[in-house]
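Trainee: I would like to learn how to read a structure feature by feature, with the general idea before each case. Could we take it slowly?

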Amino acid sequence: MMLPQASSFAPNVDHLFDALLLLCALVVVGVFTLMIVFCVKYRHGTDAVRTPAHQHLGVELTWTLVPFFLFMGIFGWSVHLWIRMRTPPKDAQPVYVVAKQWMWKVQHPGGQREIDQLHVPVGQPIRLVMTSQDVIHSFYVPAFRVKQDVLPGRYTQLWFTATEAGTYHLFCAEFCGTDHSRMRGRVVVMAPSDYARWLHAHQGTGLAAQGADLFRQLGCSGCHDPQSGVHAPDLYDLYGRTVPLADGSQVLADERYLHDAILLPKKQVAAGYAPIMPSFEGRIGEEDVLALVAYLKTRTHAAEDTDEHR
C-alpha cells in the first residue's frame, strides 16, 4: 500500500528513495550476473582459458568511476534535499510542541491548545518548535515524509507545507518507555478558510501574553526592566541578536539560547554581567518556558512604542 504524498517534501523524498533503490538494484543485478557467468564458465572440468588476464585500464576505470559518480550524485541530491528540509522559510507559521510520556501537547501562537492533534492549513509553511519534558521522543508523520527527534532540555525544529487536506497519522518514532506504542496522534490538514474558522473557535490567551504574565509573576521584570536598579542584560530586541559572552565567544540569541538562559543561566553568561540570575530549572515546565520565549521574541522597542501610542 502506497503512502499518500501529503506534503511538499513527500514527492522529492520518494524520488530520491526510488533512485537509490534503482541504482542499488542495478549494482546487485550486475554483480550477481557476472558471478553466475564466471561460476558457469570457469566451473571444474571446463576448457576455459585460466591464464592471468591482461590488464585493461579503460575497463577498470569504467567499473570504478561510473558507480562512484552515480553514488556521489545520489549523495549530492540527498544533501540538497536535507538542507532544504532544515531551512524553513521566513513566513513559516510557528507552532509549539511539548512531548512527554505519552502525549503530544501542541500550542498555537493564538493560544489554541491540542493534545495528540495538530491542525494545519493547506499550503501554509508550518514550523514546529519542539522540546521534550522527560525523555527522547521523535515526531514522525509518514504521509509528510518528515521526522525529527524531540529532546529534553533543548529545542529542535521541523517544517513542512501540507499539500492535501485530510487526516494523517502522527507517531513517536523513538522508543520512549513502556507505553511508547500509545504515543500516537493525528495531523488534520484543513482548507485555509476552515482552518481560520477553527482558530477562531478555539482561540485562547496568546502564548506571548501568557509569557508576559509569567514574566511578571516570576519576578523577571524586577531585574530586566529598564527602571530596575539591578545590573541585568537588556532584553529588548534580544531575539536574533548576537550576544557577546563572558568567555569571549559570541552566541546567536535564538530560541535555544533563550531556553538555556532561563533554565541554565550560568551556562552562557553575557559579557559585562555577573552570573547572579537564579535557575528556573525544576520550578517551571517546558510549556512555561515556551511562553516566556514567545514573549521575549515580541519584546522589542518598536512593539513597546506601538503599544504606548495606542
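Trainee: Is Arg127 buried or exposed?

Mentor: Before the answer, please note that this is a predicted model, in which local features need pLDDT of at least 70 and side-chain atom pairs count only at pLDDT 80 or more, while totals for chains, interfaces and linings use all residues. Residues are numbered from 1 along each chain as its sequence is written, and side-chain values use heavy atoms, with hydrogens and water left out. A residue is called buried under 20% relative accessible area, exposed over 50%, and partly exposed in between, with a 1.4 Å probe and protein chains only. Arg127 has a relative accessible area of 12%, so Arg127 is buried.

Trainee: Which residue forms a salt bridge with Arg127?

Mentor: A salt bridge here is a side-chain nitrogen of Lys or Arg within 4 Å of a carboxyl oxygen of Asp or Glu. The partner of Arg127 is Glu255, and the closest N and O atoms are 3.3 Å apart. For the names of elements, helices (H or I, at least four residues) and strands (E, at least two) are DSSP runs numbered from the N terminus. Glu255 belongs to helix H6 (residues 255-263) and Arg127 to strand E5 (residues 125-132), so that the pair links distant parts of the chain, 128 residues apart. Glu255 also counts as buried, at 10% relative accessibility.

Trainee: How many salt bridges are there by this rule?

Mentor: The count comes to nine. In one of them, the side chains of Glu287 and Lys105 meet at 2.7 Å, N to O. Because Glu287 lies in helix H7 and Lys105 in strand E2, this pair ties together parts that are 182 residues apart in sequence. Glu287, at 23% relative accessibility, counts as partly exposed, and a network of salt bridges links Lys105, Arg113 and Glu287.

Trainee: What separates Arg216 and Asp213 in helix H4?

Mentor: They are three residues apart, and therefore about one helical turn separates them. Their side chains meet in a salt bridge (2.7 Å, N to O), in which Arg216 counts as exposed at 51% relative accessibility, whereas Asp213 counts as partly exposed at 34%.

Trainee: Which residues of helix H4 (residues 207-217) are buried?

Mentor: They are Leu207, Gln210, Gly211, Ala212, Leu214 and Phe215. Taking contact to mean heavy atoms within 4.5 Å, we find that their cover includes strands E1 (93-100), E2 (103-107) and E3 (113-115), together with helices H5 (220-224) and H7 (286-298). Just after H4, Gly219 takes a positive phi of about 85°.

Trainee: What is the order of the strands in the open sheet of five strands?

Mentor: Two strands pair if DSSP finds at least two bridges between them. The order is E4-E10-E9-E6-E7, with mixed pairing. Strand E4 (117-121) and strand E7 (146-150) stand at the edges with a single partner strand each, so one side of each is left without a neighbour in the sheet. Inside this order, strands E9 (residues 166-172) and E10 (residues 184-190) run antiparallel and are joined by six bridges, and Leu170 has Gly185 as its bridge partner in E10.

Trainee: Which helix packs on the sheet, touching E4 and E10?

Mentor: Axes are lines fitted to C-alpha atoms, for helices over the stretch in contact, and angles run from 0 to 180 degrees between N-to-C directions. The helix is H3 (residues 192-201), whose direction makes about 130° with that of E4.
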